[in-house]
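Welcome, and please take a moment to look over the structure shown here. We will go through it step by step, from single residues to the whole chain.

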Amino acid sequence: MVAMSRNIKNSYVQFFLGCIIIIGIANFLFVGLEEKVSSFSPLLFPMLTIFLLVFHLVIACFMVMKYWCDRKRLYLMAFAFAYTGSAMLMAGTLSSYPAWLDLHQYNVVNYNDAMIFFTFRHLLMSILFITSALLYAIRNKPLSRRFHFSLLFGVSLFTVVIVMLAWIYSSCSPLLSLDLVDNETRHYMLLWKKAISVALIVFWVVTLATLMIITRVRNMFWVGGNLFVSVIL
């Protein structure tokens, strides 16, 4: 029992040290970039979005294949839908930069739409990451096919609802509106500064705490998952 407790503590210490080193290096590399290039840069932001979109699709495919090989790893499907939904919302983000989708398109960039898709993407991923951690906790329990089907249906429905809400709140639909960024000045609105940004931080803190408590950072898979959340924070 004592040895197990020491191993858990050592894994946490190693994880946090690794996070400090990696985040420190990333901060050092990009500290000057923010001063030179706006975070909503028509060049930088879409490039990073395209890279992440492809990366998330690859991860989603990998998760589905792992689940297909071992049906006990139901928690992987929550990850798969998280990354799939993230890729779909990033496609919406790219639609806010029309010049990247059409060579002869010179429409004004819609920064508010980009921020709306960004917000819903993080909401989707944080909730599904928590779901994955909870499923990991019951991975060794016998789960019926009905439970598998119900969970897959619920997670897929949740993903579709979040994507649809993002689309409805954006300028793509006249039904609802959400002002997070001023398209003319590129300044964040009060709703983002005082409410939504804080809520997203809380969601990700809860997600990180849940992942670390349940998984105990016991292998490289969960080290990567916890590191991903830590970098977002």
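Let us call two residues in contact when they have heavy atoms within 4.5 Å. This is a predicted model, in which local features need pLDDT of at least 70 and side-chain atom pairs count only at pLDDT 80 or more, while totals for chains, interfaces and linings use all residues. Residues are numbered from 1 along each chain as its sequence is written, and side-chain values use heavy atoms, with hydrogens and water left out.

Start with Thr 49. Leaving out residues up to four places away in sequence, Thr 49 touches Met 90, Thr 93 and Leu 94. Its C-alpha is 8.3 Å from that of Ala 91, although 42 residues separate Thr 49 and Ala 91 in sequence. Thr 49 sits in helix α3, which covers residues 44–69. Helices here are DSSP runs of H or I with at least four residues, strands are runs of E with at least two, and both are numbered from the N terminus. Is Thr 49 buried or exposed? Buried means under 20% relative accessible area, exposed over 50%, and partly exposed in between, using a 1.4 Å probe and protein chains only. Thr 49 counts as buried because its relative accessibility is 7%.

Now step back to the whole protein. There are eight helices and zero strands. Of the 233 residues, 38% count as buried. Among contacts between residues at least 6 apart in sequence, 74% join residues at least 24 apart.

What lies inside? A nonpolar core is a set of buried Ala, Val, Leu, Ile, Met, Phe, Trp, Tyr and Cys residues joined through side-chain atoms within 4.5 Å. The largest such core has 48 residues, and Tyr 83, Leu 89, Phe 129 and Leu 180 have the most contacts inside it. Helix α5 gives the largest share of this core, 13 residues. Beyond its neighbours within four places in sequence, Phe 129 is in contact with several residues, including Phe 79, Tyr 83, Trp 204 and Phe 228.

How do α4 and α5 lie against each other? Axes are lines fitted to C-alpha atoms, for helices over the stretch in contact, and angles run from 0 to 180 degrees between N-to-C directions. The axes of α4 and α5 come within 8 Å and cross at roughly 175 degrees. Angles under 35 degrees count as roughly parallel, over 145 as roughly antiparallel, 65 to 115 as roughly perpendicular and the rest as oblique, so α4 and α5 are roughly antiparallel.
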